[in-house]
Amino acid sequence: MSNDFIQLAYRGNNQWWRYLLGSLLALFTFQIIGGIATVMLLGSYVQLDGDPSTKMLPPSEIGADGLFVEGVPPSLLYIFFNLAFVFFLLGIYLAVTFFHGRSLGTLITPAKRINWKRVGQGFWVFSILKVIEIVGNYWLAPEDFTLNFQPRAFFSFIGLVILFTPLQTATEELFCRGYLLQGIGSLFGNLFGSKWGQWMGVILPSLLFTCLHLLNPEVQTQKNWQGVASLVTYYFMVGAFLAWLTLKDNTLELALGVHAANNMTTFLLVTSSNSAIPSPAIFSISERGCCIKNMS
């Protein structure tokens with residue numbers, strides 16, 4: 001039986017080479033253009049802020065967290081690093097529009113309009129589950145948690161999380177569980193049948209989702225292969241779960257809410273020295289206690 005969400009791919013041009021070029025375009029705008037823009041903005045800030053303690057680090061001094069600047073406030077780092085997703089979103093839009101001749105909305109739902117209540121359901125249910133997970137981890141190993149609450153920094157950071165985190169998570173969802181899932185699902189469905197299309201639509205984008213996170217400091221700072229394997233498995237399972245949820249619901253709406261809930265809750269409640277993006281969260285957790293992971 002064909003899947004309505006995958007069938008959205010047939011609303012536009014659907015040849016395999018279009019997905020290849022579209023994927024390369026989206027990743028180029030994200031990793032290259034977005035990366036260069038981030039470095040330039042950080043460099044300009046360091047040069048113009050007038051603070052001698054703020055500086056760009058040479059490669060030999062870059063620590064395990066992967067940060068190439070020192071002295072920049074976490075809130076500004078959060079803004080600069082998330083701006084790359086503006087370019088990523090632009091790349092996805094250009095790929096869908098010019099290579100496939102369809103609208104960006106077809107990556108989300110077969111309906112004419114997005115059901116924001118459905119997005120909200122995914123967000124609030126998973127937010128509650130995430131809070132329960134963090135409380136459970138605190139109860140099991142309180143020694144891994146250190147109170148990090150700084151009211152002024154925390155409350156000013158909330159607005160940034162609300163503004164930028166949905167941009168980041170929605171862009172990842174549009175690419176991995178929208179563009180790639182539909183493209184791979186339809187192409188394999190044409191070759192081997194709809195069931196194979198759905199399986200490949202879950203597995204292959206989840207592998208790419210995992211690869212996009214392998215350079216995160218959380219992975220790079222692991223001291224043994226078991227730690228790396230744990231994170232790789234986590235990222236793959238998260239990607240596969242969100243893909244399955246998307247196919248089951250025939251829309252991307254729940255996945256959009258779930259991903260945003262996970263990252264927003266994590267950014268506000270916990271941080272660690274090896275986080276991909278540092279935050280003035282309520283608690284700081286040790287690397288040993290980093291079982292609370294972010295999908296960023």
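1. The side chain of S279 has a polar atom that lies 2.8 Å from the backbone oxygen of F267, a polar contact being a pair of N or O atoms within 3.5 Å, of which, within protein, one must be able to donate a hydrogen and the other to accept it, while residues adjacent in sequence count only if both atoms are side-chain atoms. The model is a predicted one, in which local features need pLDDT of at least 70 and side-chain atom pairs count only at pLDDT 80 or more, whereas totals for chains, interfaces and linings use all residues. Residues are numbered from 1 along each chain as its sequence is written, and side-chain values use heavy atoms, with hydrogens and water left out.

2. S279 is placed in the loop between strand 4 (270-271) and strand 5 (283-285), strands being DSSP runs of E with at least two residues and helices runs of H or I with at least four, numbered from the N terminus. S279 counts as buried because its relative accessibility is 5%, the limit for buried being under 20% relative accessible area with a 1.4 Å probe and protein chains only. Beyond its neighbours within four places in sequence, S279 is in contact with N148, F157, F267, V270 and T271, where contact means heavy atoms within 4.5 Å.

3. Helix 3 (residues 74-82) has L77, Y78, F80, F81 and N82 buried, and what covers these buried residues includes helix 2, strand 2 (69-70), helix 4 (84-99), helix 6 and helix 10 (253-269).

Technical notes:
Buried means under 20% relative accessible area, exposed over 50%, partly exposed in between (1.4 Å probe, protein chains only).
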